[in-house]
Structure formats: structure tokens, C-alpha cells
Amino acid sequence: MNKEQLSQRIGNMDDRLVAQAEHMPNYGRQRRSGLRRKIAGIAAVIVLMACSGAVGALAFSRETVTEVPAQQETVELAGIGVTVLLPDSWVGKYEVVQDSFLPYNSAMWEFCAKSVYEDGTFYRGSLFTVFQYADYSMSAEEFAQSGLAGIGQYLFATEDATYAVMYAGDVQYDPDNAAQQETWYALSQTVQEVRFVIAPMAV
């Protein structure tokens, strides 16, 4: 996956923030053709969040756990020593799409609403993505001053890499499809319950 594809999948974001996040310019270039539809979709999400009192529901808990509870729905992120703990309500409703993040030729994992992703349309139902944010070690404090702060979460760092979670910052379903909207929104309301187990060897 290249920089433009990542931007399209996760959502159109401010060019400046993306450029800072990847240390490369023009990473979050917006497409003109879909602008009106995206604005309408964003408005729909804002209305839904306001009505449910769930403003900020897409923000992750910054808590990580040290062991996996029995019978927990989990996803292993091979190669980086991370286990993602998902809410029970996600069972059978999500899809994990693994791809390559070209700036570092490293693996990335996109968690999507399964029914939206399987529709095969422009919309992927993306909820969040785990990826290598930098090719050097950053502290949580340094990350807080970075271009991804506010739209992502620090995960951990090794001697030569920093990993993060970026959540969807734009509409990830067809605003004209009520079923897609309902499915994606139901999962997005419990994104804050997602937890991460970081293996000691990964840190």
C-alpha cells in the first residue's frame, strides 16, 4: 500500500498533519470528485454522535493490558508481538485486512466492518489501522507532539521503530446505504473498548 491508498482508506485528513506524520509531503491529497458526498457523510456521523451522546466514541482507550483474558476475541499481529483484544460484540462482524506500508515496507493491519468491506464498493468500513509510524524510537511524549496526535494513539517503540494506531477520520460507509451505516456505526461505538497486549519482547 502506498501513501495515497492509506489516506483514501482511513479517511481524508488535513494535508499538514499527514505530511508531518510520514515526513513526506502531499500524503493526504483529497479527491475533488467525492468531496460533496464525504461532507454529507461527515455531517451524518456528527448528527448520530450528538444524538447518542457519544461524541469522541472513536477515540481509543490508551490503556494496554498485560495478559489475555480467557475466551476473549483476539487478533494476533504477527511479527510485532501485539495481540488486539476486541469486544465480544465484534465476533463475526469485522475483517482484518493486512497490507504493506510502503514508506517502511512494513506490515499494517486495517480493522474493518466486515459487511461494508465485503460489499466491494469504494467504502471499506475502516475502523482503525495498526502500523509502523516511524523508523526510529519515539517516546509517548514525543508522539504526543507529532502530526498523528489527535487522530491516533501511541502503541509502543523498539530501538528502531515506533508503532501506532490510527482511527478512521472520515466516513467509511456509503451515506446512502442505511445498512452499511448501521453496521459501521454499531462497531464504532465500541472501538473505545479495544485493548492491546504488548509482548515484552516487542518493547
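Ser146 lies in the loop between α5 (140-144) and β7, where helices (H or I, at least four residues) and strands (E, at least two) are DSSP runs numbered from the N terminus. At 14% relative accessibility, Ser146 counts as buried, a word that here means under 20% relative accessible area, with exposed meaning over 50% and partly exposed in between (1.4 Å probe, protein chains only). This is a predicted model, in which local features need pLDDT of at least 70 and side-chain atom pairs count only at pLDDT 80 or more, while totals for chains, interfaces and linings use all residues. Residues are numbered from 1 along each chain as its sequence is written, and side-chain values use heavy atoms, with hydrogens and water left out.

**Around Ser146**

- Leaving aside residues up to four places away in sequence, Ser146 touches Tyr133 and Met138, contact meaning heavy atoms within 4.5 Å.
- The side chains of Ser146 and Tyr133 are joined by a polar contact of 3.2 Å, that is, a pair of N or O atoms within 3.5 Å, of which, within protein, one must be able to donate a hydrogen and the other to accept it, and residues adjacent in sequence count only if both atoms are side-chain atoms.

**Nonpolar cores**

- In the largest nonpolar core, which has 31 residues, Val84, Phe128 and Phe196 touch the most other members; such a core is a set of buried Ala, Val, Leu, Ile, Met, Phe, Trp, Tyr and Cys residues joined through side-chain atoms within 4.5 Å.
- Among the elements that each supply at least two residues of this core are β2 (73-77), β3 (82-86), β5 (106-113), β6 (126-134) and α6 (178-188).
- A second, separate core of twelve residues includes Phe101, Tyr133, Ala134 and Met166.
- Not counting residues up to four places away in sequence, the contacts of Val84 include Val75, Leu77, Phe111, Phe128 and Phe196.

- Over eight bridges, β4 and β5 pair in the antiparallel sense, two strands being paired if DSSP finds at least two bridges between them, and Trp109 in β5 is the bridge partner of Gln98.
- The hairpin of β4 and β5 has four residues between the strands, and in this hairpin Asn105 takes a positive phi near 50°, a positive value in a residue other than glycine.
- Asn105 counts as exposed, at 61% relative accessibility, whereas β5 is mostly covered, with seven of its eight residues buried.
- β5 and β6 run antiparallel and are joined by four bridges, and Phe128 in β6 is the bridge partner of Phe111.

**The salt bridge**

- The structure holds one salt bridge, meaning a side-chain nitrogen of Lys or Arg within 4 Å of a carboxyl oxygen of Asp or Glu.
- Arg124 forms this salt bridge with Glu110, and the closest N and O atoms are 2.8 Å apart.
- The pair links distant parts of the chain, 14 residues apart, with Arg124 in the loop between α4 (114-118) and β6 and Glu110 in strand β5.
- Both Arg124 and Glu110 are buried.

**Helix α6**

- The buried residues of α6 are Gln180, Gln181, Trp184, Tyr185, Leu187 and Ser188.
- Seen down the axis of α6, these buried residues fall within an arc of 160°, so they line one face of the helix; the arc is that of the directions from the helix axis to the C-beta atoms.
- The exposed residues Ala178 and Glu182 are carried on the face of α6 turned away from its buried side.
- At the start of α6, a side-chain oxygen of Asn177 comes to within 3.1 Å of the backbone nitrogen of Ala179.
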